[in-house]
Every structure is written in C-alpha cells, then in structure tokens.
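Trainee: Before we go through this entry, could you take me through the terms and what stands behind each of them?
Mentor: Gladly; here is the entry itself.

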Amino acid sequence: MAPTPRTFSHIGLSVPDLEAAVKFYSEVLGFYVVMEPSETVEDDSAIGVMCTDVFGPGWGSLRIAHLSTADGIGIEIFEFPGNYAPEDKLEHKRHGTFHFAVQDPDVEGLLERIVAAGGRQRMPVREYFPGTKPYRMVYVEDPFGIVFELYSHSYELTYSAGAYA
C-alpha cells in the first residue's frame, strides 16, 4: 500500500536578530505572529528537555518565535547564542535544506518590498514557460542571508506541465 502524502507543518530558520526577523517576515511577507519572541533555557521543562534531545546537553539557551503563513504553515525562527553566518550563503551542494519558497501572484511587487527591507535579489525574475504560461520565479535572500524563492503560482501548477522545454 502506497503511503498517503503528508502535509507540511513548518520550517525552522536560524537568524542573528530575532526581533528583526519577526518584523521582516510579518511586515514584508505578511506572516502572522503566533508566538512573540521568547527565551527558552536548558532545564527540566517540556521544551527544555525537547531542546536537549535535539541539541545535546550544554546548549544553554535560545530565543524563539513562531509565525504562520496564510495557509497555516509554521515559520519557527530561532536566535542561538554564538550564531554565525555561513561562509557561502547558498550551500546548494551540502546535503540538507538550502531554500524554501513563498507564493505570491505579484512576484515583482513582493521582490521590491524584500529588497527595500534589506533583502537581496539573487537573479532576474524568470518565466518557466515563456510565452505560454505566466509562471514566474525569482531567488531572493532575507536581510540575514537566508535564501528563498518567490513563485507566482502553486507548485502543482508550475510543474504539472511536465519536463522543461
């Protein structure tokens, strides 16, 4: 029996300034703030024990906030003591997650707001099927160097046409 596709719950982002990240993701991308920035410490509380399970003993403390997209996908934002930027902001050859994507029919308008808020455009806006379908995309960075993609249309619509021409 084939497994049923699962829903996507959330993604975790590590940033150097939690308040600035919450401001960017809520004011520029419009994400809802579900839980304001707060501190979690290494202790015997449920969240303290969970973090020790993940990070190992001696992690100390962290700051965290929770946001949500319009369709209920969580954006969990962490600020860790001693955080640092990666040497290569787009480590696309390293195994693991290297980007996420946000959908907005006004890719160009959202792109302008991201750049105005201190983000960066990594490439020109491109069309997947020039002249036949209006599916557009662009890679950007938030003000902290986190790479993500803007899509004009849903993932299913964009890729349902099959192989790239």
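**Terms and their grounds**

Mentor: The protein chain exposes about 10300 Å², of which carbon and sulfur atoms supply 56%, the areas coming from the Shrake-Rupley method with a 1.4 Å probe and, for residues, with only the protein chains shown counting as cover. This is a predicted model, in which local features need pLDDT of at least 70 and side-chain atom pairs count only at pLDDT 80 or more, while totals for chains, interfaces and linings use all residues. Residues are numbered from 1 along each chain as its sequence is written, and side-chain values use heavy atoms, with hydrogens and water left out.

Trainee: What makes up the secondary structure of the protein chain?
Mentor: It comes to 4 helices and 9 strands, where helices (H or I, at least four residues) and strands (E, at least two) are DSSP runs numbered from the N terminus. From that end on, the elements run β-α-β-α-β-β-β-α-β-β-β-β-α.

Trainee: Why is Lys 133 called partly exposed?
Mentor: Buried means under 20% relative accessible area and exposed means over 50%, with partly exposed in between (1.4 Å probe, protein chains only). Lys 133 has a relative accessible area of 32%, and is therefore partly exposed. Its place is in the loop between strand E7 (126-127) and strand E8 (136-141).

Trainee: Which residues does Lys 133 touch, not counting those up to four places away in sequence?
Mentor: Lys 133 touches Glu 127 and Ala 161, a contact being heavy atoms within 4.5 Å. As for Leu 157, 24 residues apart from Lys 133 along the chain, the two C-alpha atoms are separated by 9.9 Å.

Trainee: Which residues of helix H3 are buried?
Mentor: In H3, residues 107-116, the buried ones are Val 107, Gly 109, Leu 110, Leu 111 and Ile 114. Their cover includes helix H1 (18-27), strand E6 (120-121), E8 and strand E9 (147-151). After H3 comes Gly 118, with a positive phi near 105 degrees. Over the protein chain, buried residues make up 36% of the 165 residues.

Trainee: How many positive and negative side chains are there?
Mentor: The protein chain has 12 positive and 24 negative side chains, and the centres of the two sets lie 10 Å apart. Lys and Arg count as positive and Asp and Glu as negative, with His and the chain ends not counted, and each charge is placed at NZ of Lys, CZ of Arg, CG of Asp or CD of Glu.
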